[in-house]
Amino acid sequence: LAMAFRDVNSRRHIGLQQLSSLALAGRTLLGPMKSCKFIVDESTNQSTLICSAVRLIESLDLTSAAGQLLNETIQAQNKEFKTGMSTLLFLVGAWSNAVLECLQQNVPVSAIVSVMCEGLNSCCEKVQCLQISVHDVNKELCSSSVRPNSSKSKTYQIACDSFLNPQIFLYFQKDISASEELVPGNSCSHQEADCNFKKGLVSPLAGFASIASPVKSADNKSASVISGSAVTASSCKPKKLTHSRYFSALAKSPFSSELGNSQVYLSGQSAYPCECYGLGHLAMALSHGNQPSMKLLKSIVAYQHKRAECSGSSQFNIAEIVTCCLPGLPESYSCVCPGFITLVSPEQATVIKHFEDKPLRILLVDGDLTEQYRHLGFTKPCNVRTILERSSLQEDRSGDLWLNSTLDILISSEVNLVLVKGNVCENLMEGCIAKSILVIGSVTQNVLCAIGAATGAQPVTYLALFVFFVTQLNASCVGSGAQVELWRAGDGRATELGELVPVRIKVQGIALLTAVLTTAVASKMQLIEDQFWTFVYRLHHALNDGKVFLGGGAVELLCLSHSQMLAEQSLKLANKNAVKGFHSPWLAASSTEYKSVVLQALASGWNQYLSVVMCNAAKAASEFEARTLIDHHLRKAADCGSPSAYVLKEFRRGDVFRGGSVPFTDDGEGLKVYDNVTAKTEAWRRALDLVLLVLQTDAEIITGPKRNQLLNSHASSEFMFL
């Protein structure tokens with residue numbers, strides 16, 4: 001094989017230049033006010049709208065070694081946290097440029113690596129004072145949002161302002177009590193509801209009033225029903241509609257309904273005076289202005305909160321959330337529905353019409369439903385050499401036998417619905433449709449677990465393993481109580497999306513929630529789903545960490561101030577005990593003459609980060625104006641004597657770059673912004689680790705049959721061929 005060897009010039013490090021160029025493409029993705037990008041596939045002329053560093057890197061041509069390392073780093077951050085990738089990408093570019101400037105000033109690589117690592121560690125320790133526990137954040141945000149007398153005991157009306165599907169809400173209200181009957185757009189009679197989530201209780205959100213339409217209650221008294229909910233109000237009483245921008249009031253004790261007035265009320269005082277269930281304000285503070293996702297998550301929080309109160313389960317369980325993307329519908333159709341919603345073919349949808357609203361027997365398959373599938377770890381018998389398993393004729397006969405055997409097993413077990421984790425044999429799918437058996441493939445593990453827990457079904461790996469004449473299916477594996485229906489939009493209409501039809505599997509008491517994401521612009525679908533999951537994982541990580549960072553640039557401002565302070569100290573103090581903030585005496589002695597240059601380079605990355613965020617968020621007209629404002633804050637922080645105290649004070653005032661809060665209400669009131677702790681600091685560390693890793697590579701060695709291609713390239717003079 002031909003081998004080409006190229007020296008990486010220390011003055012113009014090729015790898016760092018490549019990182020800088022790649023990161024430049026994601027500059028507008030930084031901050032809460034991102035600018036989307038169109039990714040156009042020239043081969044198909046199809047375009048996709050992206051607004052995340054992950055989708056950007058996946059779309060770029062990463063043929064260089066540095067580019068592939070960047071992709072691996074961002075994918076690792078995305079896999080673990082689902083947030084912080086744009087910060088990582090930007091800091092990779094900013095610190096790559098900073099390191100290149102250090103190389104231009106003849107700073108040794110060893111000094112750059114050691115000082116930058118120690119400087120970042122010092123910044124991470126410094127910003128610990130800007131961490132606030134989730135409990136304190138909830139307490140502060142809830143108390144600041146309560147209006148006068150709002151903490152007193154009130155009577156609230158349940159209204160489904162949230163994105164909870166009205167039709168699904170009606171079904172869930174029906175599940176509250178077996179004796180309760182709710183008919184959409186018709187009469188409603190409410191009896192006392194208990195807190196039994198095994199019967200599928202959901203507590204929807206209340207908020208903005210909806211349009212009311214006249215209906216007749218069970219006793220023929222004129223009443224009104226709130227559009228988008230199942231709540232009726234007697235006309236002989238004043239209508240009490242809650243216009244809260246947050247959640248409806250829910251007492252900690254089980255709520256009750258007033259039967260005589262055909263009206264559901266929630267009485268008593270909640271543990272949280274603003275009725276945010278302890279997570280509402282935190283979720284809004286972590287959403288960074290993404291209101292569509294915030295409203296969806298509010299519905300999820302409301303449902304899971306009440307379920308946690310009654311069942312003792314986790315208050316926010318990300319494993320109980322799935323998404324279903326429906327391009328072609330307006331975004332106003334987005335909602336949250338209990339149960340599992342997925343897309344099936346029109347042929348499968350015809351099967352649903354035969355047993356809609358009937359209880360079904362359900363089977364779960366933990367693997368592929370094909371003849372060739374074998375479980376992970378399956379080994380063939382030892383000391384056996386296979387010459388030919390079967391001829392083509394025998395293979396056809398074997399396939400027919402497996403297909404017929406599988407159908408016979410499903411029919412004899414009276415199974416109506418089969419959910420498969422993996423792929424499904426096409427011939428088997430057609431046979432099941434002919435026998436009115438619905439088979440749905442590519443179902444995730446958490447969906448199988450949730451449906452299995454609600455129906456009593458136990459997953460099986462094989463239905464008919466013909467080679468060994470075995471089957472795992474028995475009566476205890478089949479669950480019951482599931483229902484399947486065509487998913488209907490908020491206005492009650494069934495929806496068909498071209499070649500696919502959305503269907504919903506519902507089970508009484510199921511813990512699973514499906515966030516239905518819709519948009520009329522097909523290329524925007526991936527963007528909406530990415531934003532939703534980013535928001536969900538922010539709340540998830542905040543609860544796992546138990547603490548959050550001050551947002552709005554407060555943490556980065558303190559890092560910038562601290563890095564500049566260390567750089568100034570290194571200029572004034574020459575002996576090894578003079579540099580504060582470092583824990584390695586040998587480091588201070590060996591890198592004294594370079595520390596100031598390297599620390600200023602580190603600080604320049606924070607400075608670029610803040611200035612770009614301000615420009616993207618329209619807080620500054622230009623980078624010059626942004627840097628001027630940053631310098632103003634740095635001087636005031638230095639004059640204060642305690643930069644951390646100054647940053648905290650400015651954050652409390654909402655005056656950090658005039659961006660410490662984001663508006664969530666029509667009256668202009670804002671809400672403080674917070675960030676994840678672990679996700680943010682890991683993004684910093686991964687960015688610097690990647691830059692320093694590429695910095696320490698001194699050569700690029702290319703192997704393989706590319707000699708002629710390299711010889712004819714414009715960069716052939718840079719290579720030495722071996």
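Select strand 13 and strand 21 (residues 513-519) to begin: seven bridges join the two strands, which run parallel. Strands (E, at least two residues) and helices (H or I, at least four) are DSSP runs, numbered from the N terminus. Two strands are taken to pair if DSSP finds at least two bridges between them.

This is a predicted model, in which local features need pLDDT of at least 70 and side-chain atom pairs count only at pLDDT 80 or more, while totals for chains, interfaces and linings use all residues. Residues are numbered from 1 along each chain as its sequence is written, and side-chain values use heavy atoms, with hydrogens and water left out.

**The sheet around strand 21**

Strand 14 and strand 21 pair in the antiparallel sense, over four bridges.

Contact means heavy atoms within 4.5 Å.

Which residues stand opposite Val516 and Leu517 in strand 21? Cys324 stands opposite Val516, and Cys325 stands opposite Leu517. Cys335 also stands opposite Val516.

Now colour strand 21 by accessibility. Buried means under 20% relative accessible area, exposed over 50%, and partly exposed in between (1.4 Å probe, protein chains only). Seven of the seven residues of strand 21 are buried. In a regular strand the side chains alternate between the two faces of the sheet. Both faces of strand 21 are covered, with Leu513, Ala515, Leu517 and Thr519 buried on one side and Thr514, Val516 and Thr518 buried on the other.

Move to Leu360, which is found in strand 16 (residues 360-365). Leu360 counts as buried, at 3% relative accessibility. With neighbours within four places in sequence left aside, the contacts of Leu360 include Phe355, Asn416, Leu417, Gly479 and Val484.

Then select Thr455 in helix 13 (residues 445-455). Thr455 is buried as well, at 9% relative accessibility. Its side chain reaches the backbone nitrogen of Ala457 at 3.4 Å. A polar contact is a pair of N or O atoms within 3.5 Å; within protein, one must be able to donate a hydrogen and the other to accept it, and residues adjacent in sequence count only if both atoms are side-chain atoms. Beyond four places in sequence, Thr455 is in contact with Ile362, Gly479, Ser480, Ala482 and Val507.

**The nonpolar cores**

A nonpolar core is a set of buried Ala, Val, Leu, Ile, Met, Phe, Trp, Tyr and Cys residues joined through side-chain atoms within 4.5 Å. The largest has 117 residues, and those with the most contacts inside it are Ile112, Met116, Trp606 and Tyr674. Helix 4 gives the most to this core, with 13 residues. A second, separate core of 29 residues includes Leu360, Leu364, Ile440 and Val501.

**Cysteines**

How many disulfides are there? With a disulfide taken as a pair of cysteine sulfur atoms within 2.5 Å, the count comes to zero. Select Cys51: the nearest cysteine sulfur, that of Cys36, is 3.8 Å away. Cys51 is buried, with a relative accessible area of 9%. For Cys425, the nearest cysteine sulfur is that of Cys432, 9.4 Å away. Cys425 is partly exposed, with a relative accessible area of 21%.

**Two loops with a positive phi**

Most residues other than glycine have a negative phi. Go to Asn106, in the loop between helix 4 (85-104) and helix 5 (109-126); Asn106 has a positive phi of about 60° although it is not a glycine. Asn106 is partly exposed, with a relative accessible area of 48%.

The last stop is Glu414, in the loop between helix 11 (392-412) and strand 17 (417-420). Glu414, again not a glycine, has a positive phi of about 55°. Is Glu414 buried or exposed? Glu414 is exposed, with a relative accessible area of 55%.
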